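Work through the exercises below with the structure open beside you. Try each task before reading its solution.

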Amino acid sequence: MAGAKNHDYHILDPDIWPIIGAFSGLTFTSGMVLLMHDMASAHLVLGLGIAGLIATFFGWFSKIVKEAQRGDHTPIVQLHMRYGMILFIASEVMFFVGWFWSWFDFALFPAPLEVVDGITFNRLGADGESALRTFPSQGIHVLDAFDLPLLNTLILLCSGTTVTWAHHSLIHGDREGLKKGLWLTVLLGALFTTIQAYEYGHAPFPFGTNTYGSAFYMATGFHGFHVLVGTIFLAVCLFRTYKGHFTPKQHFGFEAAAWYWHFVDVVWLFLFVVVYVWGGWGAPIH
């Protein structure tokens, strides 16, 4: 019969959201460039870009949810979506490899330093050379790794167990266990973000004045952004759970969120050991 579907693949209908998302991304990046150059129209362009991206997220993702509920995500489609999520997480891994690379480069091969107002900066002295080569720079106090950072480590480890509990409950048809596990995971993610914001507010070193502060805030800040994204991801899954979505055999949306959350957990463990413990070893503690 002409037009009959005789395969397991889902052929997407023509949609306007990809082109809207592309133009919104272009507008957003253009706004960022204008903002960096203090142009008058920067905030307007940036705001339009952000609004377009948010609209794209809601419009495009809601269609994906409807496709899943309609049964369009057949086993072969789910398999390829898993491949896509694996490749996405792999790209995120390489993103953080770049920040770890910069951290190790600054730590193991610090540039010649210059002392200004009691703080040592990574610059050449007047003689073009200096014997002071340290990381973090002399005069900088660091955060105590076994204070708030250790607490946040325990919070993320606990959140990894609660999201696993939710996943296990879903597979075995326990909807109440799924809801409780997701609630706990979302709350723990929000608690982590709150503590990190407090930590940033009380950090003894600023951003941008030395390599230690710059590398610290870029690495931990981007991880904090990923925690925020993961928390929203899981909150959407919690909302969908109350709507009756997900079955033991079809729950890729939740599975992708759980994978992403475990990735965030593992990255934090590396950050805690490398940035907080090893990176601040021997420096005065705030």
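**Exercise 1.** Leaving aside neighbours within four places in sequence, which residues is Phe-216 in contact with?

*Solution.* Keep in mind that this is a predicted model. Start at Phe-216 and skip its neighbours within four places in sequence. The contacts left over include Trp-103, Leu-143 and Phe-205. Glu-199, Tyr-200 and Gly-221 also touch Phe-216. Val-275 and Tyr-276 complete the list.

**Exercise 2.** Find the largest nonpolar core and say which residues have the most contacts inside it.

*Solution.* Begin with the count: the largest nonpolar core has 51 residues. The residues with the most contacts inside this core are Trp-103, Leu-182, Phe-216 and Phe-254. Next, ask which elements supply it. Those giving two or more residues are helix H3 (75-108), helix H4 (148-171), H5, H6 and H7. H7 gives the most, with 17 residues.

**Exercise 3.** Describe how helices H5 and H7 pack.

*Solution.* First, locate the pair: H5 covers residues 175-201 and H7 covers residues 252-278. Then take the geometry. The helices pack at an angle of about 35°, and their axes lie 13 Å apart. The crossing is left-handed. Now list the residues that meet. H5 brings Leu-178, Leu-182, Thr-185, Gly-189, Phe-192, Gln-196 and Glu-199. H7 answers with Phe-254, Trp-261, Trp-268 and Tyr-276. Sorted by class, this contact has seven nonpolar, three polar and one charged residues.

**Exercise 4.** Compare the reach of helix H6 with the length expected at 1.5 Å a residue.

*Solution.* H6 spans residues 211-242, which makes 32 residues. From first C-alpha to last, H6 reaches 47 Å.

**Exercise 5.** Is Asp-15 buried, partly exposed or exposed?

*Solution.* Asp-15 sits in the segment before helix H1 (17-36). Its relative accessible area is 30%. Buried needs under 20% and exposed needs over 50%, so a value in between counts as partly exposed. Asp-15 is therefore partly exposed. Now look across to Trp-60, 45 residues away along the chain. The C-alpha atoms of Asp-15 and Trp-60 are separated by 8.9 Å.

**Exercise 6.** How many helices and strands does the protein chain have, and in what pattern?

*Solution.* Count seven helices and two strands. Read along the sequence, the pattern is α-α-α-β-β-α-α-α-α. Of the 286 residues in the chain, 39% are buried.

Note on methods. Residues numbered from 1 in each chain as written. Predicted model: local features only at pLDDT ≥ 70, side-chain atom pairs only at ≥ 80, totals over all residues. Heavy atoms only, no water. Helix = DSSP H or I, 4+ residues; strand = E, 2+ residues; numbered from the N terminus. Expected span 1.5 Å × (residues − 1). Axes fitted to C-alpha atoms, helices over the stretch in contact; angles between N-to-C directions. Left-handed = near helix turned anticlockwise from the far one by under 90°. Contact = heavy atoms within 4.5 Å. Nonpolar A, V, L, I, M, F, W, Y, C, P; charged D, E, K, R; others polar. Core = buried A, V, L, I, M, F, W, Y, C linked by side-chain atoms within 4.5 Å. Buried < 20%, exposed > 50% of the residue type's maximum accessible area, 1.4 Å probe, protein only.
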